[in-house]
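Please look over the structure shown below before reading the report. The sections can be read in order, with the model in view.

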Amino acid sequence: MLLAGCLVFFMQAGFTLVETGFTRSKNTGNIIMKNLMDFCIGSLAFWAVGYSLMYGESIGGLIGDVDQYSFFDSLPDMHSLFFQTVFAATAATIVSGAIAERTKFTTYLIFSLLMTLIIYPISGSWVWNAGGWLAKMGFTDFAGSTVVHAVGGFASLVAAAMVGPRIGKYTDGKSNAIPGHNLMIGALGVFILWLGWFGFNPGSQLAISGDNAFKVAAIFITTNLAGAAGALAAMFLTWIFYKKPDISMTLNGVLAGLVGVTAGCAAVSPAGALVIGLICGIVVVFSIEFIDKKLKIDDPVGAISVHGVCGALGTILVGVFATDGGLLYGGGFDKLIVQITGVAAIVAWALAASFIVLFLLKKTMGLRVTKEEEIDGLDIHEHGTNVYNS
Amino acid sequence: MLLAGCLVFFMQAGFTLVETGFTRSKNTGNIIMKNLMDFCIGSLAFWAVGYSLMYGESIGGLIGDVDQYSFFDSLPDMHSLFFQTVFAATAATIVSGAIAERTKFTTYLIFSLLMTLIIYPISGSWVWNAGGWLAKMGFTDFAGSTVVHAVGGFASLVAAAMVGPRIGKYTDGKSNAIPGHNLMIGALGVFILWLGWFGFNPGSQLAISGDNAFKVAAIFITTNLAGAAGALAAMFLTWIFYKKPDISMTLNGVLAGLVGVTAGCAAVSPAGALVIGLICGIVVVFSIEFIDKKLKIDDPVGAISVHGVCGALGTILVGVFATDGGLLYGGGFDKLIVQITGVAAIVAWALAASFIVLFLLKKTMGLRVTKEEEIDGLDIHEHGTNVYNS
Amino acid sequence: MLLAGCLVFFMQAGFTLVETGFTRSKNTGNIIMKNLMDFCIGSLAFWAVGYSLMYGESIGGLIGDVDQYSFFDSLPDMHSLFFQTVFAATAATIVSGAIAERTKFTTYLIFSLLMTLIIYPISGSWVWNAGGWLAKMGFTDFAGSTVVHAVGGFASLVAAAMVGPRIGKYTDGKSNAIPGHNLMIGALGVFILWLGWFGFNPGSQLAISGDNAFKVAAIFITTNLAGAAGALAAMFLTWIFYKKPDISMTLNGVLAGLVGVTAGCAAVSPAGALVIGLICGIVVVFSIEFIDKKLKIDDPVGAISVHGVCGALGTILVGVFATDGGLLYGGGFDKLIVQITGVAAIVAWALAASFIVLFLLKKTMGLRVTKEEEIDGLDIHEHGTNVYNS
């Protein structure tokens, strides 16, 4: 389980590579720092407060008792703390991609802190705290399609909308592509994230029930098939629509499939996982196009679609594909309704909480760098350096 | 064992980095897509058919019974399936490097599918299916020097010869060096592959006999010494011949040593592993030069030599260095003859099967992109994008 | 434990990326080769001699009996050998960064060999050989803040001083910044090293006492908090002093915190680890500035400060923060004095032994490349190639 935690930790590197690769070179250093700080701040904040808020004895099913765990000088449940810390940091990191290339560093740090300290642990406690109201209702989100990814993804939606698009992204009502500076680095990031998912999903099984080798192996297979199917679906879809198999979309298809199967990786069959992956790989392409061209919200890396939309969708699909209780397996609509309820509640929380936090930050510190800083690049203005030299 | 599977999965990233780093930047995206698809297609194909063809009850020692395993809604042997899936994808991925920078994407996808669906599982069943004819003969290929690497390497030979050299590679009967665009990325790929080998070789021990800690530790040491010795041998050899320690060849020396020891990692002593590594590190340099300058087959990354030649050689050397039955340990020629027989049979199969598949593909879809596409780069023509931007 | 060894092995990739990223592109290939050779030479040297010198029955507490272990054809203690090999290679690799961009390749190889063969194992035997004089005295260096890092770091100090600064580094008594060519690669290296530390520190627990899950989990937490705290401390300090949060220093802050907590990761509380991380994150910034501007020793990657200064400091701080015997926990000065004694002795050994070796190398082979080679870059002169091409 700790080795699974290592793989999940390494996802921070994966996110950093994906986000830098899909954006311009003049902002690379800023993205590195944001991702690094997500994990550094998150490690301290989740240890000091967030973990208790999430896993302390539940108060009314809504929140954990902060006083329960004191980690300052004792060592209860360290396995779980390490593993959960990297989950919490992941939720925060998702947002950094959606608002890349124009957000103030200071403001971002405070948002990231509040994300790991409050926003993520509260909705997390509803599901993963045994006393949480969604846990009691029988809501299934095994490894966090909604608890981690949709929370990050819908916070990204609010954040990207409030920060506004990058200069030059929309001109004359038209969306202009701003190509990333290094898709090779982005692809390496996707491979690292895929690797990390083999920690994320199977590690959650270990967290719950100890070394249950048979179940763990099945989770490897469902996770892997969904990622592969997501990639294939996105590739063939872009091949049809754009006439060429698109690299960025295929990479996002991998992530969409993996995000989608995360909720149900222990509850669905391999064939079910494959179908979930296919659906998410298709949906992610339409969702990215819709958010970009119709909603005109500028999300440089597709975080809203990958993590938000596919996270929510994958969680709902557990109500269809779960071999025990899913619609397709004779379970009726009960399970599906529970899943939809849980997703709706958590997404509403993520939208509302991140709106309040970001609204306050906007009114006080401001969300955006100056026009000059954005045009020159955040690296030189915010950090006084260029990432690439001779 | 599943964590070993994770490391082997990560080899896909290593292969992608090595292949892109050793080739030109205009084709990077195409190589990323090919490597990604090897794994995505392979995951589905091997799960649906390949695994059964390889591990189903053997029919006459030649092929597994496809009907035996149905993974669609059940979960037998998931450990093994995950681990074997990444092995199968590795065999396919090897070929993509040898035919990089000029092969049609569609054709490649079909070849990759047939590789994981048919070519690899059939010869694999001869050795790793308990009922396989080579298994019964006592042929030793512990973790796939021949089953995985030589199959990929000799399929690469056929493929590179049939696709033909890149434009500008041979002019006036002379071989021109076409330097890779980023050796740093290539070196990172080699480190990742080395890491993956610690999953590949020791993981195979776990697959066979459960957690046998003592044997597993010995395999770490033999694997590591062979890789190190291969690098040293290649470096000093190029230092003598080229007057300078060559970076590319040294990196290929690591891989040659690792490929070579894969068959015998559990059967030879540490000193034996070191000698196998040294031999493979020397042979790989001569083989790359010979294939490039004498055979005039254009293999941009040296896949034929590294995986084909050193895979076959390493497997044969088990007949010399195996502490139980090897020539040097008083075992006589029996073991050596079995090893040579097995290698010859599998190499012949890989050559013949890939020739038939590629011949049919050549006559129907064509193997090669147009001259214009090759000169401009496959990324822009096949995928409509550049990997590197500002 | 072997999987922990894998993570530690992967640190070689991390070091390579950090060192190349923080230096100029014309020397990238040379750094790749040095790091690769550290591990290749180290694997052979430590297996053949170094391991016995360190872990063979101690002779007078000062040195192991070389005759005790023969690995040539037997397999005793292979777990430990693999794990220790990667530790030994780490000590050598640290030096390559400090003397990057101007040191002769041949000379470096011999230095690296002697480091893993003699310098590292001898002082290592004082602490990690049960019969070592510092082990008997009760000196605590759990996973090598001093045994590995300070030995490498203070050898770096001697090496960087003897090799002299790069051309153009100091002009008119002023220190000129020579920016690294790719901080993105450097950042990826830091993430990989952080990952590796989860092998380094917890793996050492496994090496000592088998799978002690509770202790291992605590070590993950102390290690992680120290790394995070180091990064935060360095970032805020540079924000105050340089007016901007500095990327390179923040990355070095991560490493400083990790190096610092390595000695005490099993002996201090999470809060203690956090404070050690903060102290090291602050000290590393001052130390890098001091060595660069006051001592005028040119250390392109900050290896002396990160590994030497923070390694020694972290080991001494165990005497303050150890929950069993530390000053803050009512243990008096006894523990602290033991820690200071041990650090002083090992640092003195590292300084003296590396001085002797490097002095002899300087007088015989020479340490430095020619002025022309340095200006053109080591890649083209020493290896006949460029790492980056189109």
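## Chain A as a whole

This is a predicted model. Chain A holds 14 helices and 4 strands. Its C-alpha trace spans about 55 × 55 × 35 Å along the principal axes.

Of the 390 residues of chain A, 69% count as buried. When contacts between residues at least 6 apart in sequence are taken, 77% of them in chain A join residues at least 24 apart.

## Surface and charge of chain A

The accessible surface of chain A is about 11,200 Å². Carbon and sulfur atoms account for 66% of that surface.

Chain A has 20 positive and 24 negative charges. The mean position of the positive charges and that of the negative charges are 12 Å apart.

## Aromatic rings

How many aromatic pairs does a search of the whole structure find? Over all chains the search finds 66. One of them joins C:Phe355 and C:Phe359: the ring centres are 5.7 Å apart and the planes stand at 25°, so this pair counts as stacked. The cut-off for stacking is an angle under 30 degrees. Both residues belong to helix H12 of chain C, which covers residues 334-364, and they sit 4 residues apart, about one turn of the helix. C:Phe355 is partly exposed at 41% relative accessibility, and C:Phe359 is partly exposed at 37%.

Ring pairs also link residues of chains A and C into a cluster. Its members are A:Phe9, A:Phe39, A:Phe82, C:Phe191, C:Trp194, C:Phe198 and C:Phe220.

## Positive phi angles

A:Glu101 is not a glycine, yet its phi is positive, at about 80°. This residue is in the loop of chain A between helix H3 (78-98) and helix H4 (105-128). Is A:Glu101 buried or exposed? Its relative accessible area is 1%, so A:Glu101 counts as buried.

C:Lys296, another residue other than glycine, has a positive phi near 55°. Its loop in chain C runs between helix H10 (270-294) and helix H11 (303-321). With 32% relative accessibility, C:Lys296 is partly exposed.

## Residues in loops

A:Asn27 is placed in the loop between helix H1 (2-21) and helix H2 (28-55) of chain A. A:Asn27 is buried, with a relative accessible area of 0%. Which residues does A:Asn27 touch, leaving out those up to four places away in sequence? They are A:Glu101, A:Gly377, A:Leu378 and A:Asp379. A:Glu101 is the residue with a positive phi of about 80° described above.

A:Gly61 lies in the loop between strand S1 (58-59) and strand S2 (63-64) of chain A. A relative accessible area of 5% makes A:Gly61 buried. Beyond four places away in sequence, A:Gly61 touches A:Trp126, A:Gly131, A:Gly132 and A:Trp133.

In chain B, B:Pro179 is in the loop between strand S4 (174-175) and helix H7 (183-209). B:Pro179 is partly exposed, with a relative accessible area of 46%. Residues up to four places away in sequence aside, B:Pro179 touches B:Arg24 and C:Asn389.

## A buried residue in a helix

C:Ser156 is part of helix H6 of chain C, residues 145-163. Its relative accessible area is 0%, so C:Ser156 is buried.

What does C:Ser156 touch, not counting residues up to four places away in sequence? Its contacts are C:Ile94, C:Val95, C:Ala98, C:Ala303 and C:Ile304.

How values were computed:
Residues numbered from 1 in each chain as written. Chains lettered and ligands numbered in written order. Predicted model: local features only at pLDDT ≥ 70, side-chain atom pairs only at ≥ 80, totals over all residues. Heavy atoms only, no water. Helix = DSSP H or I, 4+ residues; strand = E, 2+ residues; numbered from the N terminus. Buried < 20%, exposed > 50% of the residue type's maximum accessible area, 1.4 Å probe, protein only. Contact = heavy atoms within 4.5 Å. Areas by Shrake-Rupley, 256 points an atom, 1.4 Å probe, with all protein chains shown as cover. Lys, Arg positive; Asp, Glu negative; His and termini not counted. Charge placed at Lys NZ, Arg CZ, Asp CG, Glu CD. Phe/Tyr/Trp six-rings, centres within 6.5 Å; stacked < 30°, edge-to-face > 60°.
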